[in-house]
Amino acid sequence: MLPAIHDTGTGAPVLFLHAFTLDASQWDHQVAALSDDMRCIRVDLWGCGSSPAPPAGEPALDGFAAAVLAALDSLNIDKVAVVGLSMGGYLAFTLWRLAPQRIRALALCNTRATADTAAARGDRLAMAEQVEREQSVESIVEPMVARMLSPGAHDEAHIVDPVRGRIRRCSPAGIAFAQRAMAARPDSTALLASIDVPALVIAGSRDAIIPTQEVRAMADGITDARYRELECGHLSNLERSRAVNQELATFLTAATMAS
């Protein structure tokens with residue numbers, strides 16, 4: 001089952017993978033900045049945005065990654081640059097594990113290579129059960145906003161209100177699928193040394209979910225990765241959209257010329 005696909009612009013294709021509780025519209029600022037020169041492909045996770053409900057079976061990132069590859073096939077796209085933030089980064093690692101030959105560059109934003117701790121896994125499974133029990137995502141909206149955005153961003157309606165709206169466009173089934181799939185993901189640390197394409201790593205100095213030292217350690221494990229730290233929370237592409245746009249434009253242009 002293919003996810004919803006959003007395809008904007010022309011040029012070298014770039015696949016954008018969104019964070020947990022959001023959808024493909026998370027990348028609207030980047031699409032506006034880049035789509036004159038690049039083909040921006042975005043997919044909604046099952047149960048989020050415009051995608052259908054998750055399929056039956058055990059939730060796993062591998063299943064969604066395979067659907068993303070099939071979606072690229074449907075667009076006759078072979079190789080892409082991949083940009084993933086948070087859960088999108090976990091999916092990027094999954095794609096690298098499944099089909100590294102299809103990735104020509106990799107941008108990892110506010111994400112980690114390690115698997116969940118036992119406590120984090122327990123929290124994920126508890127949230128999955130909560131939204132299924134309540135048959136609503138409303139109870140997680142404000143807690144997720146508080147975790148994902150830095151304190152200063154909470155006063156910026158143009159940032160915080162769209163985040164709330166995107167969470168509300170996820171169904172309880174979509175939230176539960178994502179949490180269980182992320183809880184089951186393997187450790188990707190051993191993959192880092194195998195990444196032999198241009199790589200950009202972005203961290204947020206005020207990220208309450210993934211500390212900068214963990215993101216920097218991930219970058220250090222990738223040969224010749226460029227590390228960039230921005231003053232923001234977990235959603236760097238929303239809080240510091242201009243800076244992220246500039247970083248991505250420079251990185252993706254150079255990667256396209258090198259490929």
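Modeller: Contact here means heavy atoms within 4.5 Å. The model is predicted, so local features need pLDDT of at least 70 and side-chain atom pairs count only at pLDDT 80 or more, while totals for chains, interfaces and linings use all residues. Residues are numbered from 1 along each chain as its sequence is written, and side-chain values use heavy atoms, with hydrogens and water left out.

The sheet is open and has 7 strands in the order β1-β3-β2-β4-β5-β6-β7, with mixed pairing. Helices (H or I, at least four residues) and strands (E, at least two) are DSSP runs, numbered from the N terminus; two strands pair if DSSP finds at least two bridges between them. At the edges are β1 (5–8) and β7 (226–230), each pairing on one side only. On average, neighbouring strands are turned by 20 degrees against each other, direction ignored. Axes are lines fitted to C-alpha atoms, for helices over the stretch in contact, and angles run from 0 to 180 degrees between N-to-C directions.

Within the sheet, β5 (residues 103–109) pairs with β6 (residues 199–204) in the parallel sense over 4 bridges. Ala 107 stands opposite Leu 200 in β6. Helix α10 (residues 241–258) packs on the sheet and touches β2, β3, β4, β5, β6 and β7, its direction making about 160 degrees with that of β5.

Helix α2 (residues 61–74) lies across β1, β2 (12–17), β3 (38–43) and β4 (80–85), and runs at about 140 degrees to β3.
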